[in-house]
Amino acid sequence: MGNLDMAVGSILLALISAGIYIFLISPAAKRRQLEVSGLRGPVPEFPLGNISEMRKESRAPAPPTGQSMITHDIHSAVFPFFSRWRESYGKVFVYWMGTESFLYVADPDFLSKMTAATTENSWGKPNMFRQDRRPLFGEGMVMIEGESWAHRRHIITPAFSTSNLKYMLDMVAESASTMIDEWSSLLASGRREIDMYDHLTRKTGEIIVNIVFGRNDGNGKEVLRRQIDLKYQLFHLKQTLASEAQGREMDRLLLSSIESRKAAMDSEEAGAFVPRGDLLGLLLTWNQMCADHDSKKLTPIEIVGECKTFLFGGHETTSVALSWTSLLLAQHPEWQTILRKEAEEVLADAPPDSSALAKLIKMRWVMNEAMRLYPSAIAQRQARQDVRVGEVVIPKGTNIWVDILGMHHDPALWGSDANEFRPERFSDSLHGGCKHRMGFLPFGFGGRLCIGRNLAIFEYKILLSSILRRFSLALSPSYVHSPSMMLSLRPSHGVPLILTPLPVN
Ligand code: HEM
């Protein structure tokens, strides 16, 4: 046997050994560890774990149409496999995606002990998701961990200070007013229906481009368009290479925007337009302030990641929350009247500022109730160390899927009306009467709590009050109720509503 043959043989042997370790020995050891802790779940199959079962059950039956067919009892339709496994294994169990173990958690008490047992730095994000979401979020805050995440969060928090929010709200109010004009023109031209999801996604997209770049940045718009395309590809393995190419093209566009903005800042004295309240301005100003501390500066590719994270995270969730709210209000015209009256009284003709918006109390109940029934976002973690929760040890490397949707619909936490739209449940408490403080998590939990939540709440209130003061909403017969989870809980067939203009006072 020649030297070459021996080398090839050794490489093959090493690959086979690595394969046996990764696919058989390590998962089996992890499974034993979990079982010793009393954590069980559906039996995984080699090599996909429980993926085939999940895929098979996700093939949805024909969705129902018509007002009478709309049910908010959606957990078993969105996550049929979790719903079924819960019946056998309870609210905390283990399932497998290939060789990766996932701990399903829908017990707020367990979640609260789990987060109290460690600091946020002990948790990361699942490796398997970090890989396929990299083109979408790059090195943005939502993807990084440990000290780098804490440092980034510290730099970005001031973007949402009271004074900076005012700057952002002015931009939101301007966009809301153009949206109402566009819709009025559409209706005047004979259109009766508006797809709220489509229009609100475009509008919140326009708003976030302005918030990130401080002006209508062409590259920002293009990146957002590509991100929206890309989110549909994430769920198709075949598209991975194409996604990565898309991701690199987005990076190129954003780097070019960053370069021209830096040049504009350098020539500021010459009168260049340099707004300070936008995210990019804030990050570049931070770098200027750290001129003598290179280690604290953000690299261009880190800034690109933050721009991507904000562009995507900052519009999709808000548009989804507003779209589900519009649907719920179309079903409950009495709540349209209540919110319209509140908006007229509180806002009158003044431009909406944060103190006036904070007085839209009933609108906040409705927002909470809409995000309870249709929570926009998901929360996942990966243990970076062994974590003890009472008698249970979650081994290092275990992924966590927190089923926010499951907790928000659990009658044991909310009562027998858990699947009904009852905004008044939030009249007495921020947690809507939920039996556990951690049972209501529309903006996540712990140190990773949504950084943009105040902006989201104000943006929601400005857009919704603008809509309700000019139009009444009714469900279109073409509406198909089919919520589906794709990074956020989306209405798969949009939310077409019939809008009727109200007399202008
Ligand atoms: C209704 C609208 C929104 C909802 C429901 C929402 C929900 C969430 C949730 C649940 C998380 C935690 C995810 C996790 O635990 O992994 C999160 C994180 C985050 N959100 Fe939001 N969000 C909204 C709007 C926004 C807006 C407007 C922005 C920015 C302009 C934003 C930026 C972020 C960022 C950067 C993070 C990552 C924070 C971190 O990892 O430290 N979100 N959001």
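This is a predicted model: local features need pLDDT of at least 70, side-chain atom pairs count only at pLDDT 80 or more; totals for chains, interfaces and linings use all residues.
## Surroundings of the ligand

The ligand has 23 residues around it, among which Gly314, Thr317, Gly444, Cys450 and Gly452 come nearest. Sorted by class, the shell around the ligand consists of 13 nonpolar, 8 polar and 2 charged residues.

An open sheet is formed by 5 strands, which follow one another in the order 1-2-8-5-3 with mixed pairing. Its edges are strand 1 (92-97) and strand 3 (123-124), each of which pairs on one side only.

## Pairing from strand to strand

At one edge, strand 1 runs antiparallel to strand 2 (residues 100-105), and the two are joined by 6 bridges; within this pairing, valine 94 has leucine 103 of strand 2 as its bridge partner. Strand 2 is in turn joined to strand 8 (residues 399-402) by 4 bridges, and here the two strands run parallel, with valine 105 having valine 402 in strand 8 as its bridge partner.

On the next step along the order 1-2-8-5-3, strand 8 pairs with strand 5 (residues 379-383) in the antiparallel sense, over 4 bridges. In this pairing, the bridge partner of arginine 381 is isoleucine 400, which lies in strand 8.

Conventions:
Residues are numbered from 1 along each chain as its sequence is written. Two strands pair if DSSP finds at least two bridges between them. A residue is near a molecule or strand if its C-beta atom, placed from the backbone, lies within 6 Å of it. Ala, Val, Leu, Ile, Met, Phe, Trp, Tyr, Cys and Pro count as nonpolar, Asp, Glu, Lys and Arg as charged, and the others, Gly among them, as polar.
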